[in-house]
Amino acid sequence: MTEIKENIGVKRENQFDIIEVYDFTDMNPAGLFSNNMYGQGLVFNNLMTLVMLVEDCMNHNAYPQPMTRHRKLDASEDAHGEGNSFLETCDIKPPVLEMPSEWKEKKPLGTFRLRIVFRTMSGWQGDVECLDSGKTLRFRSDMELIMFMAEELRRRVDEISA
Amino acid sequence: MGEVFLLKVLDYKDKMISGKLFDVERNKHYDYDNLSQILMLISGILGENRAEDMQKDAVYTSASKEGYFEMVSGEKSWLLNKLRVFRTFKLSICFTNFNTWQGELWCVDTGSHNAFRSVLELMLLLNAELESAAAGGESIAAEVGA
């Protein structure tokens with residue numbers, strides 16, 4: 001993890017990410033990701049790109065620092081033994097996407113304020129707030145965060161369609 | 001040991017993963033169009049069967065003998081594009097501690113393997129493998145075109 005810079009302290013307001021979801025068709029979240037230090041209005045078109053943006057943002061800001069190294073799939077003999085293969089760097093390159101024009105006139109389906117405070121056990125721990133419903137969750141893993149967001153978005157879609 | 005799934009990936013354009021998920025133990029398969037659907041499908045299956053105590057390895061072995069792998073694995077470049085399997089993974093979820101998943105992921109096509117300690121790690125492993133497969137596919141296409 002040599003490319004992650006030393007953490008020199010991150011102001012509280014820069015620790016928050018804003019996730020605006022504009023589309024949740026077939027449970028696929030698409031929208032905009034913003035962080036004061038990393039960038040504003042970065043487009044994600046699915047869960048994978050959102051996860052990559054969040055991970056890259058934390059690496060860029062050096063906050064919070066990762067506690068574990070990234071693993072990789074390995075076909076060598078050692079990989080089938082006790083040892084695990086790791087990536088030399090944690091280079092994550094989220095794709096740069098253009099914002100669909102229809103989102104400019106649209107209100108987001110759901111807006112989440114996310115703050116990840118730890119990156120232990122190869123996952124994320126922190127808190128998230130759905131700004132529309134006011135619900136908050138202190139999540140212990142990335143899966144808990146994903147499930148919370150999916151549940152809130154599904155409820156919002158049901159409300160709109162009703 | 002653990003819940004065993006086969007993840008057949010048919011497409012990974014713009015990181016939109018789509019294909020078929022095979023539940024080896026119950027001999028069921030599901031179509032998926034994105035990563036969220038995979039997570040929700042597996043999460044639902046794990047939720048239903050947490051109380052069960054079965055010898056999954058035995059079931060997995062018998063399933064593989066029945067030709068599951070022949071059906072789902074391999075890059076069959078001579079087939080039409082829409083039938084081609086991009087990558088096939090064997091996914092074994094052994095634990096669901098800390099509200100996430102721990103287990104092992106094998107790429108059936110390349111024989112590569114590693115363990116994962118969270119859903120995040122599983123997603124990044126899948127992405128890295130599918131990205132490299134996409135890059136390989138592009139270079140082959142360029143050679144064929146040339």
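How many salt bridges does the rule count over all chains? The count comes to 15. The model is predicted, and every value below is computed from it.

**Salt bridges**

| Pair | N to O distance | Relative accessible area |
|---|---|---|
| E159(A) and R156(A) | 3.4 Å | E159(A) 42%, R156(A) 26% |
| K15(B) and E131(B) | 2.9 Å | K15(B) 8%, E131(B) 36% |
| E25(B) and R26(B) | 3.2 Å | E25(B) 16% |

E159(A) and R156(A) sit in helix α2 of chain A. They are three residues apart, about one turn of the helix. E159(A) is partly exposed, and R156(A) is partly exposed as well.

K15(B) is buried because its relative accessibility, 8%, falls under 20%. E131(B) is partly exposed.

E25(B) is buried, at 16% relative accessible area. Its salt-bridge partner is R26(B). In chain A, salt bridges with shared partners link K135(A), E152(A), R155(A), R156(A) and E159(A) into one network.

**The interface of chains A and B**

Contacts between the chains involve 40 residues of chain A and 36 residues of chain B. Together the chains bury about 3200 Å², with 63% of that area on carbon and sulfur atoms. M48(A), R71(A) and L73(A) provide 25% of the area that chain A buries against chain B, more than any other three residues.

Which elements give two or more residues to the side of chain A that touches chain B? They are α1 and α2 (142-161) of chain A. The residues on that side divide into 18 nonpolar, 13 polar and nine charged.

Zero salt bridges cross between chain A and chain B by the rule. Polar contacts do cross: 17 residue pairs are counted, both residues at pLDDT 80 or more.

**T49(A)**

T49(A) lies in helix α1 (residues 47-61) of chain A. Is T49(A) buried or exposed? T49(A) is buried, because its relative accessibility of 1% is under 20%. Its side chain comes to 2.9 Å from the backbone oxygen of N46(A). Leaving out residues up to four places away in sequence, T49(A) touches F44(A), P95(A) and K15(B). K15(B) is also the salt-bridge partner of E131(B).

**Strand β1 of chain B**

Strand β1 of chain B covers residues 3-13. Eight of its 11 residues are buried, so the strand is mostly covered. β1(B) has antiparallel partners in β4 (residues 87-95) and β2 (residues 16-23) of chain B. Seven bridges join β1(B) to β4(B), and eight join β1(B) to β2(B).

V9(B) stands opposite R87(B) in β4(B). K13(B) stands opposite M16(B) in β2(B).

β1(B) and β2(B) form a hairpin with two residues between the strands. Within that hairpin, D14(B) takes a positive phi near 55°.

Definitions and conventions: Residues numbered from 1 in each chain as written. Chains lettered and ligands numbered in written order. Predicted model: local features only at pLDDT ≥ 70, side-chain atom pairs only at ≥ 80, totals over all residues. Heavy atoms only, no water. Helix = DSSP H or I, 4+ residues; strand = E, 2+ residues; numbered from the N terminus. Buried < 20%, exposed > 50% of the residue type's maximum accessible area, 1.4 Å probe, protein only. Polar contact = N/O pair within 3.5 Å; in protein donor to acceptor, adjacent residues only side chain to side chain. Contact = heavy atoms within 4.5 Å. Pairing = 2+ DSSP bridges. Buried area = accessible area lost by both parts, 1.4 Å probe. Salt bridge = Lys/Arg side-chain N within 4 Å of Asp/Glu carboxyl O. Nonpolar A, V, L, I, M, F, W, Y, C, P; charged D, E, K, R; others polar.
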